[in-house]
Amino acid sequence: ARGGGVSPPAPDVPPRSGFAVAMSNAAAVEITRALPAVCRALGLRATPSALERPLGKLLRTFFFQAAVPSLRPERWALVTAVMLEVAAVRGIVPGEPDDRSPTLGEDLARARGPGGGLAGLVAAAGATED
């Protein structure tokens with residue numbers, strides 16, 4: 001998919017090419033860059049490399065019609081945390097391998113709780129929990 005070619009379609013997702021692939025790749029770079037810090041802040045037991053595949057599958061469902069926003073690293077960390085939440089709870093299509101870390105849901109629940117790391121990511125991003 002890199003280099004501006006056409007990416008292979010995921011189930012029920014149309015093929016992409018050109019600009020959409022370039023923007024998806026740009027977002028993937030930012031998410032990959034934020035992932036190690038997010039894993040540490042949220043106390044995730046899975047390694048960043050183990051989380052890249054489910055995040056990549058989720059990102060593949062995005063269709064970019066405009067440039068990826070220029071966000072501060074703290075905001076990319078928050079976007080990454082939200083995407084991890086979605087990846088943890090999304091349904092698995094019958095026949096699709098479940099490549100999510102078995103501890104992801106449990107770790108994210110702990111991160112949302114009192115003393116968990118999610119509040120720190122939200123605060124660092126200058127956002128609110130609403």
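**Figure 1. Buried residues of helix α2.** In this predicted model, Leu51, Pro54, Leu55, Leu58 and Leu59 are the buried residues of α2. They sit on the same side of α2, because their arc around the axis covers only 145 degrees. An α-helix has 3.6 residues a turn, so residues three or four places apart point the same way. Cover for the buried residues of α2 includes α1 (19-42), α3 (73-89) and α4 (104-112).

**Figure 2. The opposite face and the span of α2.** Ser49 and Arg53 are exposed. Both are carried on the face of α2 turned away from its buried side. The helix runs over residues 48-59, 12 residues in total. From first C-alpha to last, α2 reaches 15 Å. That is close to the 16 Å expected at 1.5 Å a residue.

**Figure 3. The largest nonpolar core.** This core holds 25 residues. Val38, Leu42, Leu44, Leu51 and Leu84 have the most contacts inside it. At least two residues come from each of α1, α2, α3 and α4. Helix α1 gives the largest share, eight residues. Leu51 also belongs to the buried residues of α2. In soluble globular proteins, nonpolar side chains tend to be buried together.

**Figure 4. Surroundings of Leu42.** Leu42 is among the residues with the most contacts inside the largest nonpolar core. Residues up to four places away in sequence are not counted here. Beyond them, Leu42 touches Ala81, Asp107, Leu108, Ala111, Gly117, Leu118 and Leu121. One of these, Asp107, lies in helix α4.

Figure 5. Asp107 has 1% relative accessibility. It counts as buried because the cut-off is under 20% relative accessible area. Its side chain makes a polar contact with the side chain of Arg110, at 2.8 Å. Leaving aside neighbours within four places in sequence, Asp107 is in contact with Leu42, Gly43, Leu44, Arg45 and Ala46. Two of these contacts, Leu42 and Leu44, are also among the residues with the most contacts inside the largest nonpolar core.

**Figure 6. The whole chain, for orientation.** The protein chain has five helices and zero strands. Along the sequence the pattern reads α-α-α-α-α. Of its 130 residues, 35% are buried. Among contacts with a separation of 6 or more, 67% join residues 24 or more positions apart. The chain exposes about 7400 Å². Carbon and sulfur atoms supply 61% of that area.

Key. Residues numbered from 1 in each chain as written. Predicted model: local features only at pLDDT ≥ 70, side-chain atom pairs only at ≥ 80, totals over all residues. Heavy atoms only, no water. Helix = DSSP H or I, 4+ residues; strand = E, 2+ residues; numbered from the N terminus. Expected span 1.5 Å × (residues − 1). Buried < 20%, exposed > 50% of the residue type's maximum accessible area, 1.4 Å probe, protein only. Arc of directions from axis to C-beta. Contact = heavy atoms within 4.5 Å. Areas by Shrake-Rupley, 256 points an atom, 1.4 Å probe, with all protein chains shown as cover. Core = buried A, V, L, I, M, F, W, Y, C linked by side-chain atoms within 4.5 Å. Polar contact = N/O pair within 3.5 Å; in protein donor to acceptor, adjacent residues only side chain to side chain.
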